[in-house]
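Subject: Handing over a structure, with notes

Hello,

I am passing a structure on to you, and I hope you enjoy looking through it. Please open it first and keep it beside you while you read my notes.

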Amino acid sequence: MIGWILGGVAAALLAFVAVLLVRTLRFVPKDVPASHPEAVTLDREHIVESMSQMIRCRTVSYRDRSLEDKAEFARFRALLAERYPLIHKACSRIELGETGVLYHLAGRSAERPSVCMAHYDVVPVEEDGWSRPAFEGFVEDGCLWGRGTLDTKGTLCGVMEALEYLLSQGYVPANDLYLSFSGDEEIDGGSCEAIVSYLQEHGIVPDIVVDEGGAVVDHVFPGVPDACALIGIAEKGGVNLEFTLNSRGGHASTPPPHTPIGELSRAVTRIEDKPFARQLTKPVAMMFDTLGRHSSFAYRLIFANLWCFLPLLDAICRKSGGELNAMMRTTVAVTRMEGSKAYNVLPPKASFGLNMRLMGKDTVASATAYLKRTVDNDRIEVRVVSGMDPSPVSDTACEAWNTLSAAIRDTWQETIVSPYLMMACSDSRHYCRISNHVYRFSPMRLSKEERAMIHGNDERIPVDTLVKTVEFYTRLLTML
C-alpha cells in the first residue's frame, strides 16, 4: 500500500516537472518582421549647434513660479522659429497654457493624426556639483554637456531636426502631424493639459502619441544580455502624503514615554514593514512574456511558469527592492521628516512626508486609506498634498504599436522591443483621455551611468546618441 502511494507521488512529481520543462522549452522568442533600414544622412553640425543653443536657454521650472525666468522660456520658443524656418513656414503654431506650444503639419489625410511630445523645462541645478557648465552647451570628447540634454531637450531637438530635414526633402506626411511641447512638465504644470483640451475641443483623436519614457538599454532584465527597447504602455500614479502629529511641546528634559518624532517613527516602521500586495499588471506581464523568452534557461523556467513561481519571484522582489520590486507593487518612499529646530525642545508639531507610486487597482483614495489603517494612530493626521491615479494601459495589438516598433528596430537593429510599466509620471498621461495609443519611449541608447545623470549632476549626451535620436524620428515620421 505504501509503495503504491509513493509510486503515485513520484508519478505526479514527474508529471509536474515535465509540465514545467515542456512549457519552458516552448517559451521561445516570437517572430518579428525583418528590418530593412535605409541610410539617413544628417547635418551633425546643425544638430549640435541647435542642441547647444537650446541648453543655453535656462528654462528652469519651479513650483514657486516667481523663481522662474519667463524671458528664458520666451527665448527658447523664439529660438525654435530661428533654427527651424521650414517648420515655421509649413506648420501652424499656437501657444496654449502658460508655456505650451503646438505645431500642426497638414498631411494627405486627417483621419489618423500623430503626436510627438517633449518638454523644454528642466529641473534646477546645483552648479557647484558640475564638472562643466550646466547651461553653456559645452562640447568635449564627443559629448554635449548641459541640463536637459537627456530630459528632454534632446528629444525635442531630435524631432525638430528630423522634421526640418524631411521638409527640405519635400516631405508631406500621410496623416496630420502634431508636435506638442510644454515648459512645465517637471512641476506637473497645466500646459500639456491645455494642449490636450484644445485637441479634444477640435475633435482630434490621435492614432499614436510618442512621449519620453523607456529607452534602449542593456542588462535590465534577468538573464537577457541583449539591448532592449522598453516602451511604456502605462505609467504608475503618484501621490505625496503628509503625516502630522500635534502635541503640547515642552522641554526635552522631561519627555513623555513616546515623543512626537517617536510616534511618527513607529508609523514609518509600520508602513515599511507592511508593503502593498503584489499585482501582476498587464504591462509587467507583457514585459515578462516578451523578455523572459530571451532569457537564460533558469529564468525562462520561472517566467514561463509564473502560475507556479510568482510567489518566489515576489519574495525576491520584496527583498531586493529597486526597479523589479517597483514593477510588482505600489511603492512607498518616506522622503521628509520635520520636528523641532532645537535639540532641547519637544516640537509642538512634527511631520513626515512620503511619495507613493500607484499601480494597478490602487488609487489615491484606496492607497491613502491603506496607509491610515497600517499606521493605526488616530493622533496622526494624514493629508494628500497632491496625487494622480495610474494611467490607463495603451493598446499594443494595433498598427500604431507596430509602426513604432519598426522604427526602433530599423534604428537599433537586433534590439528586443518590449512593453513595460513606466515608474515616473509624465505629461503623456493627459493624452490618455483622447487616445489609447500613448507610448512612452525616449529614442536614445543609454547606459546605466547615463540614465543616472537624468536630474543629476553632469548631465550630458554623446553627440552620436543625439544624431541617432534625429535618425529615429526621421524614420518614424516617414512611417506615420
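Below is what I found, arranged by topic.

Some background comes first. This is a predicted model, so to speak of local features pLDDT must be at least 70, and side-chain atom pairs count only at pLDDT 80 or more, while totals for chains, interfaces and linings use all residues. Residues are numbered from 1 along each chain as its sequence is written, and side-chain values use heavy atoms, with hydrogens and water left out.

Aromatic rings

There are 14 aromatic pairs in the structure. Rings of Phe, Tyr and Trp (its six-membered ring) pair if their centres lie within 6.5 Å; planes under 30 degrees apart count as stacked, over 60 as edge-to-face and the rest as tilted. One of the pairs is F221 with F288: the ring centres are 6.0 Å apart and the planes stand at 55 degrees, so this pair is tilted. F221 belongs to the loop between β7 (208-217) and β8 (228-235), and F288 to helix α8 (residues 282-292), so the pair ties together parts that are 67 residues apart in sequence. Helices (H or I, at least four residues) and strands (E, at least two) are DSSP runs, numbered from the N terminus. F221 and F288 are both buried; buried means under 20% relative accessible area, exposed over 50%, and partly exposed in between (1.4 Å probe, protein chains only).

F472 and Y473 make an edge-to-face pair, 5.2 Å centre to centre with 65 degrees between the planes. F472 counts as buried at 0% relative accessibility, and Y473 does too at 1%. Together with W412 and F441, F472 and Y473 form one aromatic cluster.

W145 has charges over its ring. The charged end of R132 sits there, 5.4 Å from the ring centre, and that of R460 sits 4.4 Å from the centre. For this, NZ of Lys or CZ of Arg must be within 6 Å of the ring centre and within 35 degrees of the ring normal.

Helix α3

The 14 residues of α3 (residues 70-83) should span 20 Å, and the end C-alpha atoms are 20 Å apart, which agrees. The expected span is 1.5 Å times one less than the number of residues. Buried in α3 are E72, F73, F76, R77, L79, L80 and R83. They cover an arc of only 150 degrees around the axis, which puts them on the same side of α3; the arc is that of the directions from the helix axis to the C-beta atoms. A71 and E82 are exposed on the other side of α3.

Strands

In strand β15 (residues 416-422), seven of its seven residues are buried. β8 and β15 pair in the parallel sense over seven bridges, and E235 stands opposite M422 in β15. Two strands pair if DSSP finds at least two bridges between them.

An open sheet of three strands runs in the order β4-β5-β17, with antiparallel pairing. β4 (139-140) and β17 (460-462) are at the edges with a single partner strand each, so one side of each is left without a neighbour in the sheet.

One residue to look up

L477 is found in helix α15 (residues 463-479) and is buried, with a relative accessible area of 0%. Among the residues L477 touches are C116, V159 and L166, not counting residues up to four places away in sequence; contact means heavy atoms within 4.5 Å.

Best wishes
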